[in-house]
Amino acid sequence: MYDPHAVQDRWLPVWDRLDLNRAGVRAGAEKKYVVDMFSYPSGDLHMGHAEAFGIGDVIARYWMRRGYDVLHPVGWDSFGLPAENAAIKRGENPAAWTYANIDIQAEAFKRYGVSFDWSSRLHTSDPEYYRWTQWLFLRFRERGLAYRKKSAVNWCPQDQTVLANEQVVGGRCERCGAEVTRRELTQWYFKITDYADRLLDDMQQLEGSWPSKVLLMQKNWIGRSKGAHVDFDVSGRTVTVFTTRPDTLYGATFFVVAADAALADELCAPEQRAAFDTYREQVRKLSDIDRQSTDREKTGVDLGVTATNPLTGEQMPVYAADYVLADYGTGAIMAVPAHDQRDLDFALRFGLPVRVVVETGEPDPAVSGVATTGDGVLVNSGPYDGLRKTAAIERVVADLEQRGGGKGAINYRLRDWLLSRQRFWGAPIPVVHCPACGEVAVPDDQLPVRLPSDMKGEELQPKGQSPLASNRTWVEVPCPSCGGPAERDTDTMDTFVDSSWYFLRYCSPHYEDGPFDPEAVRQWMPAAQYVGGVEHAILHLLYSRFFTKVLKDMGLVDFDEPFTALLNQGQVILDGSAMSKSKGNMVQLGDELASYGVDAVRLTMLFAGPPEDDVDWADVSPTGSVKYLARVLRLATDVAELSGPARDAAVDKVVAKTVDECTRLVEGHRLNVAIARFMELTSALRKAVDAGAAGPASLRDGVEALATMLSCYAPYAAEEVWSRLGHDVDSGDSVHASLWPSAAPALLVDETVTCVVQVAGKVRERLEVSPDIAEDELRALALASEGVVRALAGAGIRTVVVRAPKLVNVVPA
RNA sequence: GCCCCCGUAGCCCAACUGGCAGCGGCAGGCGACUUAAAAUCGCCACAGGUGUGGGUUCGAGUCCCACCGGGGGCACCA
């Protein structure tokens, strides 16, 4: 009889006492740092946590069993909006809700058997933590990497705060789904664009150990394009455009400026003023979602001025249009309708000329309506006629650089990271605004700038500016520089700032002389394994990489990349779709744990499929897992009764092979397949016991090996097995202190292997041969074999393929 | 629209560098134990060939091309 709850209740307190997961205590052992993306304390743990932390736990425990000194820390990403919204609703301070939830989750993590080192525990909303978030902000600012600027920003009307580009998904707020609007505001930014090249180029180091999908997403997000800046003269003023196709300069027939850019306003001729103002109003009313919809008809307005082509001197009309983006490139383009679809659409709509300058062999765009973008030979391009595209690009850029009027340039899609938020529950930006001194950093020795602890409920209601602004006693401070009356910056930092360095803090969570102890970081970082959801493919992972690179430039760390390997676990879904409260298809983790126990739920998650794949809870069988664990426990009980030193070679062999294979499987994160091997081993040992239990010593060793391997997946049941085998867990002889079994190489080689002999690809014979049989010998053996002779039936032989010792393929003439 | 990943049994999924398609489980069937049932144990692969059609190869689930289906990312990025 297997009672999972009794087993849990027995071992959890013992483990608490034994404190087996503490890092840094295995003297001389090689270090491994396994990080799970930390949790947001939104409530109790759910199925997604069970999946993600289950995977991380197998990896961490595996390395512990292999004898490494493993750091597997725990923490909470505890600043953020939900706490604030809950506080407003309940008339509380966000801290109350946050820390209550953290306690709930902490208990749940312990019960779930996650091998955390609890001494590493941190919360980003603790002043001891955000002190250093603020400190880092100031260091970034000193390096010119944190700055304020006024520009059109994404504004979420629901959450009443600005959002980073990365937090706008399909024109909507990533958090609440509200349609994002634009506002002109002065905000703080991190200059992540300075690191665009390194963020891109260093991905080489991650190739193979990060999912290629994530690398690709980051690459696309950074969006490096190579091209040129070209200067056009517009009414005596130089206006630069970015183009990836300088070779098509002779094909430019008009010029477009983003309608919402200041430039359009400045260039507009008086006689077009009225038309332009009307158009601009129209554009501003459009939401981003409407604006970005793909097959919208092109709109625009003539600005009544002309631009001069720097190569040809040709005059071309200048338009304002909303298909040109104000914040990409220079906000202005040269339009080449023959070779760019958007320009062509615009030209056809406004009756502008279409001039082919690259002959690609495709139909005339003016007639077909399809721009030609491929390679070809230049025409209608004066001195460049006859050149191919690539050569022409080089020549045009060289000529522009020599004569003035342009130069080669790289442009990025990536924008600077907007980090200020008009919300309460975050790290205050440690800056004071002084009427006399301007922007003044809060001195390091005055950090942290603490959040007021007495604000609650209605006072936190967002009103378009930070709730902190209304707290005058908090806002009004003497200027750190001149001592005169000044005001604190009332914005708080994006919570992604907090999470961009927590993995560094984990290495020395109580360090007081800096954000982290450089020596501790040198020992543990970069993290050997990072585990978390793919929803952070861009946001968190890009930001963390950026932080790491800045810290390297500051001399605080000596590596470029924070996470050597990344594993993205799948989601837990139900009946093919994501669980959600609104759909009413939630599976409650608590219910599952109550029904099947921790081990069975963990095993079920991990057995369902590869860790990267989604787990459909409708397709899996926690009951099956319970049955399996019960089987293992019965086996342990039966084997425990056996005694004697006799061994059984067949059992030893099965155990060795399973161990060998499982080692490779877990190492390669093929966690589900390893469970299949555990099951096979369990059946094999069961059969051996039922057959009369020859070799009790072998059986005992087999069950011990199984317990150790299983301990990574089903920690409670494994401990129970270990205990039944006679280990004194209470005195510290825990399965979680045991070492991963090793497989004697001698047991892994077979005396004979089965060689498959094919004739014309069909299996005609099987031969038992020595594993190191020579090719010639095997060929002769195969050709002489009865099955082959029969299959050939006297036909000649064209060729014989021999792959000793496993296969021979005889190809008849 | 562009880019990426995935299609193996009723279902979830295995198959090392191309080399016997099926390891493990769910569901199902048969049997043992039982007065009976549950639990337990044992046994059974059902696809005429790995979504479809081509190609490369002695040999393709695996490599290449096209298409179909599912999932994901980006989306007026000049």
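Modeller: Two strands pair if DSSP finds at least two bridges between them. Strands (E, at least two residues) and helices (H or I, at least four residues) are DSSP runs, numbered from the N terminus. This is a predicted model, in which local features need pLDDT of at least 70 and side-chain atom pairs count only at pLDDT 80 or more, whereas totals for chains, interfaces and linings use all residues. Residues are numbered from 1 along each chain as its sequence is written, chains are lettered from A and ligands numbered from 1 in the order in which they are written, and side-chain values use heavy atoms, with hydrogens and water left out.

Biologist: In what order do the four strands of the open sheet stand?

Modeller: The order is β32-β31-β34-β33, and the pairing is mixed. At the edges are β32 (762-769) and β33 (797-803), each with a single partner strand, so one side of each has no neighbour in the sheet. From one strand to the next, the twist averages 15 degrees. Such angles run from 0 to 180 degrees between N-to-C directions, and axes are lines fitted to C-alpha atoms, for helices over the stretch in contact.

Biologist: How many bridges link β31 to β32, and how many join β31 to β34?

Modeller: Strand β31 (residues 753-759) pairs with β32 in the antiparallel sense over seven bridges, and Thr754 is opposite Glu768 in β32. These two strands form a hairpin with two residues between them, and Ala760 in the turn has a positive phi of about 50 degrees. With β34, strand β31 runs parallel and is joined by four bridges; here Val756 faces Leu807.

Biologist: Is β31 mostly covered or uncovered, and what lies across the strands?

Modeller: Buried means under 20% relative accessible area, exposed over 50%, and partly exposed in between (1.4 Å probe, protein chains only). Five of the seven residues of β31 are buried, and the strand is mostly covered. Helix α27 (residues 775-784) lies across β31, β32, β33 and β34 (807-812), at about 130 degrees to β33.

Biologist: Which residues come nearest to RNA strand B?

Modeller: A residue is near a strand if one of its heavy atoms lies within 4 Å of it. Of the 44 residues around RNA strand B, the nearest are Thr244, Arg296, Arg342, Arg670 and Arg766. Helix α23 (residues 671-690) gives the most to this surface, with six residues. Of the RNA strand B atoms within 4 Å of the protein, 60% belong to sugar or phosphate and the rest to bases.

Biologist: Which part of RNA strand B does the side chain of Arg677 approach?

Modeller: A polar side-chain atom of Arg677 is 2.7 Å from a base oxygen of RNA strand B. In the side chain of Arg803, an N or O atom is 3.3 Å from a base oxygen of RNA strand B.

Notes:
A polar contact is a pair of N or O atoms within 3.5 Å; within protein, one must be able to donate a hydrogen and the other to accept it, and residues adjacent in sequence count only if both atoms are side-chain atoms. Contact means heavy atoms within 4.5 Å.
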